[in-house]
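Hi there,

Here is the structure we talked about, ready for you to open alongside this message. Please have a look at it first, and then read on.

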Amino acid sequence: MAMPPPPQLWLVPQLPSATGATLWFGAPGPDRPAPQVQVAWRSPAGTGSITLTPAWQAFEAGAQRFWYARAPLVGLAADRQYLLIASMIGAAPSAPATLRTLPRTLPPTAVLGSRFTLLLGSCFDYRRGQAGQAGALQFKLPAGDTPHLKLLCGDQVYLDLPWNEVLPRDDGELRARLLAKYLQNWGHGLQPGGQGYGTFLRWGANLFVSDDHEYWNNFPRWAAYVSSTFSRAAQDRLTDATRGLFRAFQADYRVAGAERCYQQIAVGERGEPGRLELMALDGRFGRTDRRACQPADMEALRSWVAGLTGPGVL
């Protein structure tokens, strides 16, 4: 009897720097993945590889389990484009991903062809994007013009659609249903030569923040067409599952046992010309009926603004 093919390792670049990026790995299956991941890279200047030891965590969904981890990739050159492929024992290699490291400083406007490229996006509904338009975007831009950063500011998945869907009341079945929607989006275009939202995510580094459809429409208030929001107990169960999935696939805001719902990226050295700081504050993940952001996050925002020595983007 032929053995089934091994599951494929998933790779998505996140949070870039001038010397690398945070790499996100995903692996479906019941067993903990291998402890080491080999990342091979290629650039116009040559090739190389590095062995990473990610700390695997599992999202439990009834009888299913999805493993995920993040690990820093360092040692790369600034403002250079890299092709990455990840591999590990017990899994098929990842689909190729592209990373463009940040420049060491904002390039002068007088330098022809030199620029810092930020792509802003949101709102991907798989049913409307099955033809692969998102994945085809990279072929419509000038060759080699991979964004330094894609800022994806919410609704990367619509967990509350279709509107007439009745979500399971069983916790394991609920989590499995929602996990399937993430796998559908992140896995869209995994096949060789495929174009889809997964292809788009692998094209350049990503910074994710959430909006309501990562949870349900108008989160955290109840939604008329989402029956799982009609009671407090059902809302709590749905909130726990959807926040767990956001941590697993997009951004894990947990820092020293607390939630800190913001991320920061900087280009250039503090106090020097060519400095740019970016702060992405998630106003949906920790939202309540009374506030959009936690007091600690607002204090971090005030400190960030007070400490700026050059342009800042919120």
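Below is what was found in it, grouped by region.

First, some ground rules. This is a predicted model, in which local features need pLDDT of at least 70 and side-chain atom pairs count only at pLDDT 80 or more, while totals for chains, interfaces and linings use all residues. Residues are numbered from 1 along each chain as its sequence is written, and side-chain values use heavy atoms, with hydrogens and water left out.

**The antiparallel sheet**

Helices (H or I, at least four residues) and strands (E, at least two) are DSSP runs, numbered from the N terminus. Two strands are called paired if DSSP finds at least two bridges between them. On that basis, four strands form an open sheet in the order S4-S3-S7-S8, and the pairing is antiparallel. The edges are taken by strand S4 (46-52) and strand S8 (97-100); each has a single partner strand, so one side of each is left without a neighbour in the sheet. On average, neighbouring strands of this sheet are turned by 30 degrees against each other, direction ignored. The axes behind that angle are lines fitted to C-alpha atoms (for helices over the stretch in contact), and angles run from 0 to 180 degrees between N-to-C directions.

Strand S7 (residues 81-87) runs antiparallel to S8 and is joined to S8 by four bridges. If you want a pair to look for, Tyr 82 has Leu 99 in S8 as its bridge partner.

S10 (149-152) pairs with strand S9 (residues 118-121) in the parallel sense, over four bridges. Leu 120 is found opposite Leu 151 in S10. S10 also runs parallel to S11, with three bridges joining the two, and here Lys 150 stands opposite Asn 206 in S11. Leu 149 and Leu 151 point one way from S10, Lys 150 and Leu 152 point the other way, and all are buried. For accessibility, buried means under 20% relative accessible area, exposed means over 50%, and partly exposed is in between (1.4 Å probe, protein chains only).

**His 213**

His 213 sits in the loop between strand S11 (206-208) and helix H4 (232-249). With a relative accessibility of 11%, His 213 counts as buried. The side chains of His 213 and Asp 160 are joined by a polar contact of 2.9 Å. A polar contact here is a pair of N or O atoms within 3.5 Å; within protein, one must be able to donate a hydrogen and the other to accept it, and residues adjacent in sequence count only if both atoms are side-chain atoms. Leaving aside neighbours within four places in sequence, the residues in contact (heavy atoms within 4.5 Å) with His 213 include Asp 155, Tyr 158 and Tyr 225.

**Salt bridges**

How many salt bridges does the structure hold? There are 13, each defined as a side-chain nitrogen of Lys or Arg within 4 Å of a carboxyl oxygen of Asp or Glu.

One of them links Glu 165 and Arg 177, with the closest N and O atoms 2.8 Å apart. The pair links distant parts of the chain, twelve residues apart: Glu 165 is in the loop between strand S10 (149-152) and helix H2 (171-186), and Arg 177 is in helix H2. Glu 165 counts as buried at 17%, and Arg 177 as partly exposed at 33%.

Another joins Arg 175 to Asp 240, the closest N and O atoms being 3.3 Å apart. Arg 175 lies in helix H2 and Asp 240 in helix H4, so the pair ties together parts that are 65 residues apart in sequence. Arg 175 is buried at 12%, whereas Asp 240 is partly exposed at 47%.

Salt bridges that share partners also join Asp 125, Arg 127 and Arg 128 into one network. Arg 128 is exposed, at 70%, while Asp 125 is buried, at 14%.

**Ala 71**

Lastly, Ala 71 belongs to strand S6 (residues 64-73) and is buried at 5%. Not counting residues up to four places away in sequence, Ala 71 touches Ala 21, Thr 22, Leu 23, Phe 25, Leu 52 and Pro 54.
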